[in-house]
There are 4 protein chains.
Amino acid sequence: RIERILAKSADIVAIDEDESFDFQKEKADLAVVLGGDGSILSAARRMCLQQIPVIGVNLGRLGFLAALGENELEAIWPEVCMGCYPIDEHAMLQCTIVRGWGASSESGVSESGYQLALNEASIMGGPPFSMLQIDLYVDDELASTYSCDGLIISTPVGSTAHNLSAGGPILHRRLEAVVISPISPHTLTMRPVVDRADRKFEMVIRQGHESVAAVFDGRVLGPLREGDCYRITRAPVSFQMISVPGKGEYKTLRDKLGWGGNPRVNKR
Amino acid sequence: RIERILAKSADIVAIDEDESFDFQKEKADLAVVLGGDGSILSAARRMCLQQIPVIGVNLGRLGFLAALGENELEAIWPEVCMGCYPIDEHAMLQCTIVRGWGASSESGVSESGYQLALNEASIMGGPPFSMLQIDLYVDDELASTYSCDGLIISTPVGSTAHNLSAGGPILHRRLEAVVISPISPHTLTMRPVVDRADRKFEMVIRQGHESVAAVFDGRVLGPLREGDCYRITRAPVSFQMISVPGKGEYKTLRDKLGWGGNPRVNKR
Amino acid sequence: RIERILAKSADIVAIDEDESFDFQKEKADLAVVLGGDGSILSAARRMCLQQIPVIGVNLGRLGFLAALGENELEAIWPEVCMGCYPIDEHAMLQCTIVRGWGASSESGVSESGYQLALNEASIMGGPPFSMLQIDLYVDDELASTYSCDGLIISTPVGSTAHNLSAGGPILHRRLEAVVISPISPHTLTMRPVVDRADRKFEMVIRQGHESVAAVFDGRVLGPLREGDCYRITRAPVSFQMISVPGKGEYKTLRDKLGWGGNPRVNKR
Amino acid sequence: RIERILAKSADIVAIDEDESFDFQKEKADLAVVLGGDGSILSAARRMCLQQIPVIGVNLGRLGFLAALGENELEAIWPEVCMGCYPIDEHAMLQCTIVRGWGASSESGVSESGYQLALNEASIMGGPPFSMLQIDLYVDDELASTYSCDGLIISTPVGSTAHNLSAGGPILHRRLEAVVISPISPHTLTMRPVVDRADRKFEMVIRQGHESVAAVFDGRVLGPLREGDCYRITRAPVSFQMISVPGKGEYKTLRDKLGWGGNPRVNKR
């Protein structure tokens with residue numbers, strides 16, 4: 001039982017089985033997240049501006065974030081509590097909808113409250129599935145117009161998630177960068193672009209339809225109409241993760257993606 | 001004015017500006033479609049089982065299907081009317097939703113009316129944008145389980161449309177084949193597969209959500225719930241297109257995709 | 001020992017451990033190939049115009065072609081000998097170098113002897129690694145000019161080999177088609193093309209260098225200079241493979257490519 | 001005549017038509033490179049550790065680096081000479097062959113002299129075209145084993161060159177990063193990886209053949225045998241480029257890659 005293991009070397013502030021713990025009000029030094037990468041994404045989101053260090057324990061399959069098994073946790077827990085392991089800081093994205101961004105000034109512009117994303121911010125379409133046209137502005141300059149099914153701006157941590165499926169590259173986690181990857185781009189020269197994380201990215205709907213939405217870490221922030229903008233900047237806080245030994249990034253890639261050199265395709 | 005050109009060598013049965021002509025009831029020898037590839041798709045769909053030969057005239061940009069300019073039409077129209085040009089037959093897909101396909105027999109299975117597609121049949125998701133799991137059966141055998149944002153089964157004619165954006169290959173039009181391409185596949189080894197057109201393809205929703213839909217040529221056929229199946233077979237009719245000289249398929253690819261050999265990337 | 005198993009139900013004409021058997025002169029009803037996909041490629045090549053049915057037994061890892069384990073062979077061998085299993089015919093490519101194809105007629109044109117390929121025919125470069133320019137003619141019509149590191153024309157059987165690495169699609173084996181895939185194409189719109197297998201494909205070196213070579217199934221047929229042509233047509237014979245139960249093509253893809261639906265990328 | 005334009009506002013130290021100028025010995029404040037991206041690569045290489053600011057003028061087609069036309073140069077030349085424009089610094093790679101890296105210590109290890117690359121360092125194969133196996137070490141840790149036709153480590157400037165052809169992403173030029181992209185990777189999960197530029201990358205030949213070579217900016221540095229290592233680090237100097245107005249990076253991508261939003265594929 002993990003609770004017993006943890007209690008040996010630390011005081012347990014709360015056990016948050018129903019996601020009711022309020023990170024904004026209560027204090028803790030460390031959060032142990034059980035369950036998988038999804039649980040860690042959820043924890044990161046809920047901590048919002050009050051990020052505390054996290055250690056992830058996978059209960060099922062190995063995750064990219066939840067890389068520690070139960071037994072491994074038990075072995076290193078006392079050292080974790082003594083602060084033996086460094087903390088990796090991972091950039092998060094601040095995601096805001098700016099309505100009427102592209103409209104004449106009279107109609108008014110309004111901003112939604114923001115949310116933080118650890119993996120990615122994206123614009124996704126739905127019924128009736130016609131193609132989207134999205135203008136991307138970087139630091140107020142028009143970078144490109146994408147005709148596509150969707151557009152993803154991903155952090156290094158998120159680069160192995162939706163971005164990878166959409167054909168984007170893997171970003172090493174300590175890189176201060178984001179990657180912009182279109183889903184099913186109509187123009188074949190539209191390739192993923194890696195840019196610096198400290199810039200302002202604004203995705204503006206030039207042509208959309210009724211179910212276009214701004215999404216962060218797989219959750220809907222709100223609908224997007226033509227002229228609306230989904231603004232993405234680096235969040236003022238970082239996600240903090242205990243760096244445990246033997247879990248290097250390339251090792252995780254080898255384990256998770258089968259990068260060990262075992263050929264998968266037909267003999268040549 | 002195109003009407004005058006056409007009237008010189010042929011009787012005009014109808015001018016169908018509002019898509020009200022009933023191809024099922026009235027007879028014509030040839031349909032001249034003005035406007036672009038979208039107009040041709042629409043015509044193909046509306047003809048349904050009563051396909052008559054089509055000649056496409058692009059009013060704006062060159063299309064993959066509407067490859068003829070107004071002046072070119074004028075030049076060859078008398079010969080078209082004399083039957084000087086052969087007719088290319090292009091496979092169409094018959095698209096049917098089978099509800100409750102995966103359910104126990106008691107709950108009952110029901111089929112929707114079918115539609116014909118010239119480009120592609122696809123399953124697409126929408127809000128809340130969680131990943132789809134789709135089982136593909138080919139001739140009643142489980143071929144694969146796709147974790148993805150969508151799945152496209154495309155004809156050769158449609159291979160340069162949504163399929164190409166999703167990373168699929170170009171199929172030569174005279175090939176009796178379809179290509180199955182996932183959109184943003186979660187498993188990186190999931191690559192486009194080209195199979196024979198005379199097989200039965202059944203895409204079954206193993207895990208979906210409320211806005212998953214069966215789509216044909218960019219139109220929604222209906223929603224798909226877990227256990228529902230989207231069945232695709234070769235239609236009993238073919239789309240018939242007048243084959244005009246100087247519009248070979250590789251030539252169209254060169255013109256439309258810039259295949260002329262002009263390097264696009266940085267100097268090496 | 002496999003020899004004993006085989007001898008129970010069949011007469012062994014020869015055991016060809018050193019690749020010295022002459023398929024052109026001696027007769028046999030069936031060849032049992034031990035060792036893996038490479039051994040099968042080698043057997044197919046050596047049989048040349050005298051193809052006899054083959055059954056492949058993998059001694060190590062599962063292959064795309066050598067899909068049968070030793071024990072499985074033992075179990076079905078008597079039935080194989082009774083002719084219980086159908087024979088699948090797989091298209092092979094006839095590969096010929098035509099020197100001076102692009103030159104003025106005076107200098108003369110000469111053809112090399114041909115070789116047969118089961119997987120693919122390709123043009124590959126080497127030192128000094130400058131980009132190749134290759135004109136592709138299909139049935140004597142210029143299809144496209146590729147600026148690339150190499151160009152592959154693959155059969156359905158070979159589609160899971162070099163073609164797949166280069167970004168090409170998987171072709172179902174019973175499809176009468178080939179796929180043309182460039183390696184590192186300079187022009188981003190150059191995508192794999194699937195065409196009918198009964199056409200004549202001619203790859204002509206427009207711009208090359210000293211180590212450009214014509215390759216078939218991973219073996220060098222000869223060097224290619226500017227103006228030389230590598231002509232690929234469907235071979236007059238087919239590779240014949242015993243079709244054993246439980247080794248369907250999609251099943252092999254699932255087994256070899258991990259297509260079973262196990263997600264490989266990060267949690268969304 | 002460009003010479004006249006230049007002479008109006010500056011003293012011309014030398015006109016280097018035959019690549020004989022010795023940047024290591026003679027001094028100049030600025031190099032005007034005429035001709036295209038290839039000429040700029042050549043200049044960058046020849047300056048080696050004595051980099052001086054460069055302004056590139058394309059005489060033919062627009063380049064990624066040589067982005068200025070002759071007339072544009074004339075218009076801004078006086079201001080260039082007054083130092084009105086900032087200088088962009090672009091990371092270069094230091095490329096060294098370490099022979100016998102993987103061998104037992106007795107046989108001895110030796111390093112080649114290094115070269116600097118502005119675009120990329122790569123390992124490329126040639127005849128007999130068998131697959132390469134390359135171990136990649138990052139800061140002395142095994143990152144991955146690639147089975148492939150070649151492996152490219154590219155700078156941001158080079159990301160639109162060979163890297164892009166091989167399927168890699170575009171890196172914004174001000175990013176302190178490199179991208180590692182395999183050519184035709186055998187294992188389908190091997191995707192391009194973007195890592196920090198300040199790390200040590202060592203590509204070690206685990207399995208090769210006689211014509212494997214270490215390449216920098218398209219030139220051969222030397223052959224690589226099994227156990228040899230191609231070591232890539234950030235060069236101690238940067239390539240310096242005059243930053244002229246109206247030539248933003250995204251604008252160049254739009255111009256060169258046709259990113260203006262003009263759809264290229266078939267109508268949906």
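Helix axes are taken here as lines fitted to C-alpha atoms over the stretch in contact, and the angle between two of them runs from 0 to 180 degrees between N-to-C directions. In the predicted model, α1(B) and helix α3 (residues 70-81) of chain B pack on this basis at an angle of about 15°, and their axes are 9 Å apart. Because angles under 35 degrees count as roughly parallel, α1(B) is roughly parallel to α3(B). The two helices of chain B cross in the right-handed sense. On the α1(B) side the contact comprises Ile2(B), Ile5(B), Leu6(B), Lys8(B) and Ser9(B), and these meet Glu70(B), Leu73(B), Glu74(B), Trp77(B), Pro78(B) and Cys81(B) of α3(B). By class, the residues of this contact comprise 7 nonpolar, 1 polar and 3 charged.

A helix pair is also found in chain D, where the axes of α1 (residues 2-9) and α3 (residues 70-81) come within 9 Å and cross at roughly 15°. This angle makes α1(D) roughly parallel to α3(D), and the crossing of α1(D) with α3(D) is right-handed. Helix α1(D) contributes Ile2(D), Ile5(D), Leu6(D), Lys8(D) and Ser9(D) to the contact, while α3(D) contributes Glu70(D), Leu73(D), Glu74(D), Trp77(D), Pro78(D) and Cys81(D). The contact of α1(D) with α3(D) divides into 7 nonpolar, 1 polar and 3 charged residues.

Chains A and D both supply strands to an open sheet of 7 strands with mixed pairing, in the order β10(A)-β12(D)-β11(D)-β9(D)-β6(D)-β14(D)-β15(D). Its edges are formed by β10 (170-171) of chain A and β15 (219-223) of chain D, each of which pairs on one side only. Within the sheet, strand β6 (residues 120-124) of chain D runs antiparallel to strand β14 (residues 213-216) of chain D, and 4 bridges join them. In this pairing, Ile123(D) has Ala214(D) of β14(D) as its bridge partner. Strand β14(D) also pairs with β15(D), again in the antiparallel sense and over 4 bridges. Here Phe216(D) stands opposite Arg219(D) of β15(D). The strands β14(D) and β15(D) form a hairpin with 2 residues between them, and Asp217(D) in the turn has a positive phi of about 45°.

The interface between chain B and chain C involves 49 residues of chain B in contact with 49 residues of chain C. The size of an interface is often expressed as the accessible area lost when the parts come together. For chains B and C the buried area is about 4,200 Å², with carbon and sulfur atoms giving 53% of it. In chain B, the residues that lose the most area to chain C are His186(B), Tyr250(B) and Trp259(B), which together account for 17% of what that side buries.

Several backbone features of chains A and B were also examined. A cis peptide bond joins Pro127(A) and Pro128(A), with omega about 5°; Pro128(A) lies in the loop between β6 (120-124) and β7 (132-138) of chain A. In chain B, a cis peptide bond joins Pro127(B) and Pro128(B), with omega about 0°, and Pro128(B) is placed in the loop between β6 (120-124) and β7 (132-138) of that chain. Glu19(B), a residue other than glycine, has a positive phi near 55°. This residue, Glu19(B), is found in the loop between α1 (2-9) and β1 (31-34) of chain B.

Terms used. Residues numbered from 1 in each chain as written. Chains lettered and ligands numbered in written order. Predicted model: local features only at pLDDT ≥ 70, side-chain atom pairs only at ≥ 80, totals over all residues. Heavy atoms only, no water. Parallel < 35°, antiparallel > 145°, perpendicular 65-115°, else oblique. Left-handed = near helix turned anticlockwise from the far one by under 90°. Contact = heavy atoms within 4.5 Å. Nonpolar A, V, L, I, M, F, W, Y, C, P; charged D, E, K, R; others polar. Pairing = 2+ DSSP bridges. Buried area = accessible area lost by both parts, 1.4 Å probe.
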